[in-house]
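Subject: Structure handover

Dear colleague,

Please find the structure below, with my notes after it. They begin with one residue and then turn to the whole chain.

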Amino acid sequence: MSSDADPLAGLHQASECSAILERMNEFLDHELDGTTAAEAIQAHLDACEQCLDDYDVVFALKQLVNRCCRAEKAPQQLRVTIMTSITRWRAG
Ligand SMILES: [Zn+2]
């Protein structure tokens with residue numbers, strides 16, 4: 001077993017990425033500021049291009065929503081819709 005292609009590595013990464021995605025809104029809302037969760041997400045974004053892309057998308061959408069609604073935070077239903085769209089977009 002000299003291969004460095006660990007079949008579990010991909011799985012592990014995928015589950016880590018979905019965990020990051022789940023907390024992306026909290027991270028963007030600064031609800032995780034100063035916590036180890038925020039540090040973990042930041043470190044993951046630095047290392048994972050796919051999650052960084054998602055971050056850019058969520059960030060852009062939030063800015064759009066904030067501008068349109070003049071609200072600090074997107075309504076819960078919209079947050080769910082955004083996250084569902086991203087999950088579907090990723091899956092496809
Ligand atoms: Zn990732």
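Cys51 lies in helix 4, where helices (H or I, at least four residues) and strands (E, at least two) are DSSP runs numbered from the N terminus. Helix 4 covers residues 49-69. Because Cys51 has 20 C-beta neighbours inside 10 Å, the residue counts as buried. The cut-offs are these: buried means that 20 or more other C-beta atoms lie within 10 Å of the residue's own, exposed means 12 or fewer, and partly exposed is in between, with C-beta atoms placed from the backbone. Apart from neighbours within four places in sequence, Cys51 is in contact with Cys17, Ile20, His44 and Leu45; contact means that the C-beta atoms of two residues, placed from the backbone, lie within 7 Å. Leu21 is 30 residues from Cys51 in sequence, and the two are 7.3 Å apart in space, C-alpha to C-alpha.

Before the rest, two points on the model. Residue numbers start from 1 along each chain as its sequence is written. This is a predicted model, in which local features need pLDDT of at least 70 and side-chain atom pairs count only at pLDDT 80 or more, while totals for chains, interfaces and linings use all residues.

On confidence, the chain has a mean pLDDT of 82, and 79% of its residues reach 70 or more; pLDDT is the predictor's confidence in each residue, from 0 to 100.

The chain has 5 helices and 0 strands, in the order α-α-α-α-α from the N terminus. Of its 92 residues, 9% count as buried. Among contacts with a separation of 6 or more, 55% are between residues 24 or more positions apart.

Cys51 also belongs to the largest nonpolar core, which has 6 residues: Ile20, Met24, Phe27, Ile41, Cys51 and Tyr55. Helix 2 (24-28) and helix 4 each supply at least two residues of this core. A nonpolar core here is a set of buried Ala, Val, Leu, Ile, Met, Phe, Trp, Tyr and Cys residues joined through C-beta atoms within 7 Å. Met24, leaving aside neighbours within four places in sequence, is in contact with Asp54, Tyr55 and Val58.

Leu61 is also in helix 4. Leu61 counts as partly exposed because 19 C-beta neighbours lie inside 10 Å. Its C-alpha atom is separated by 9.7 Å from that of Arg79, 18 residues away along the chain.

Helix 5 (residues 76-91) has 16 residues and reaches 23 Å from its first C-alpha to its last, close to the 22 Å expected at 1.5 Å a residue; the expected span is 1.5 Å times one less than the number of residues. The number buried among the 16 residues of helix 5 is 0, so this helix lies largely in the open.

Glu39, in helix 3, counts as exposed because it has 11 C-beta neighbours inside 10 Å. His30 sits in the loop between helix 2 and helix 3 and is exposed, with 9 other C-beta atoms within 10 Å. Phi of His30 is near 65 degrees, a positive value in a residue other than glycine.

Regards
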